[in-house]
Amino acid sequence: GRMEETGQAALAAMREQGYDLTVMNGIERYYERFGYVFAWPKLNFYVSADALSSDKPGVRIQEFTPGHREDLATVYNRTYAGVTGTAVRPTHRAFKWPGEFQGYAWLDESRKTAGYVVGSRGSRSGYPFDCVDAAGDPEAILQVVGFLAHKWGYREIQFDRIPLQSMLAKRLRQLGCTVAADYPQSGGYMIHIVNLHSLLEKLCGVLSERLKRSHFQDWQGHLLIALEKEGVILEIDRGSVCLAPVGTTDHAI
């Protein structure tokens with residue numbers, strides 16, 4: 001029963017300390033009891049090594065031990081700014097799989113880190129080359145990954161959990177690839193809203209910008225976002241989103 005107590009205490013502490021949202025990669029059939037629900041699928045991209053060049057990249061590769069570094073975080077944040085399914089780094093300062101993967105970085109003309117890849121270290125027979133993190137110019141990423149995969153004899157490359165709308169994902173689709181989307185019945189990427197009103201208040205700016213770029217940019221009306229015990233109405237006016245006073249509407253999620 002200690003984990004049950006810990007989970008409830010953690011959520012209570014989040015509310016007390018002003019957190020609006022909690023996200024996790026949860027185990028199956030457990031975190032639903034705390035109010036977590038499935039959030040989005042895990043996307044893996046698979047491409048044949050033959051689709052990538054085996055030539056030595058035009059950048060100098062520097063190996064590093066995966067983990068938080070300010071220069072890598074800067075490159076990541078610049079690469080994925082505004083891309084759904086990413087978080088501003090640093091989030092976790094420790095690497096999830098210590099000792100299992102190798103980092104490969106390269107510099108620009110001013111000797112600053114321009115990009116990096118974290119992936120398999122040496123050949124593992126029967127497995128694809130597994131790229132678990134990458135940032136920077138997509139062409140440079142593919143040059144480095146292609147070179148490493150051919151060097152160690154991999155026939156296939158897996159890009160693990162990269163965002164669908166990232167430039168790297170778009171480039172892979174142009175090359176020809178397989179995309180596997182994992183929608184688990186339980187577990188996986190899970191989300192729990194701690195404070196709906198505060199969360200949507202902070203998201204109004206982002207929602208406005210995204211709505212202006214969507215097919216619903218001219219829509220006007222009200223939208224109720226409701227949880228079991230809390231509801232918030234958004235006032236939407238041609239790309240502008242703000243919180244509205246409590247009321248009723250036929251449009252609801």
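Mentor: Let us start with a definition: a residue is buried when its relative accessible area is under 20%, exposed when it is over 50%, and partly exposed in between (1.4 Å probe, protein chains only). You are looking at a predicted model, in which local features need pLDDT of at least 70 and side-chain atom pairs count only at pLDDT 80 or more, while totals for chains, interfaces and linings use all residues. Residues are numbered from 1 along each chain as its sequence is written, and side-chain values use heavy atoms, with hydrogens and water left out.

Trainee: What makes C204 count as buried?

Mentor: Its relative accessibility is 10%. That value is under 20%, so C204 is buried.

Trainee: And does C242 count as buried, partly exposed or exposed?

Mentor: C242 has 32% relative accessibility. The value lies between 20% and 50%, so C242 is partly exposed.

Trainee: How many disulfides does the count come to?

Mentor: A disulfide is a pair of cysteine sulfur atoms within 2.5 Å, and the count comes to zero. C204 is in no disulfide, and the nearest cysteine sulfur to it belongs to C242, 6.4 Å away. Because 6.4 Å is not within 2.5 Å, the sulfur of C242 is too far from that of C204 for a bond.

Trainee: C204 is in helix α5, I see. How do you know that the length of α5 agrees with its 17 residues?

Mentor: Helices (H or I, at least four residues) and strands (E, at least two) are DSSP runs, numbered from the N terminus. The expected span of a helix is 1.5 Å times one less than its number of residues, so α5 (residues 196-212) should span 24 Å. Its end C-alpha atoms are 23 Å apart, which agrees.

Trainee: Where is the kink in α5 centred?

Mentor: On C204, with a bend of about 50°. That bend is the angle between axes fitted to the seven residues ending at a residue and the seven starting there. C204 is also among the buried residues of α5, which include L196, L199 and L211. These buried residues pack against β1, β10 (188-193), β11 (220-226), β12 (231-237) and β13 (240-243).

Trainee: Which residues have the most contacts inside the largest nonpolar core?

Mentor: I157 and F159, in a core of 26 residues. Such a core is a set of buried Ala, Val, Leu, Ile, Met, Phe, Trp, Tyr and Cys residues joined through side-chain atoms within 4.5 Å. β3 (42-48), β5 (102-107), β7 (129-135), α3 (138-151), β8 (156-160) and α4 (167-175) each supply at least two of its residues. The largest share, eight residues, comes from α3. Apart from this core lies another, of twelve residues, among them V83, A105, Y116 and V118.

Trainee: Which residues is F159 in contact with, leaving aside its neighbours within four places in sequence?

Mentor: Contact means heavy atoms within 4.5 Å, and the partners of F159 include L43, F45, C131, I141, V145 and L172.

Trainee: Are R29 and R111 buried or exposed?

Mentor: R29 is at 64% and R111 at 58%. Both values are over 50%, so R29 and R111 count as exposed.

Trainee: What makes D55 exposed?

Mentor: Its relative accessible area is 54%, which is over 50%, so D55 counts as exposed. D55 lies in the loop between β3 and β4 (62-64) and is in contact with Q143 and F147, leaving aside its neighbours within four places in sequence. The C-alpha atoms of D55 and K151 are separated by 9.5 Å, though the two are 96 residues apart along the chain.

Trainee: What is the mean pLDDT of the protein?

Mentor: It is 94, and 100% of the residues reach 70 or more; pLDDT is the predictor's confidence in each residue, from 0 to 100.
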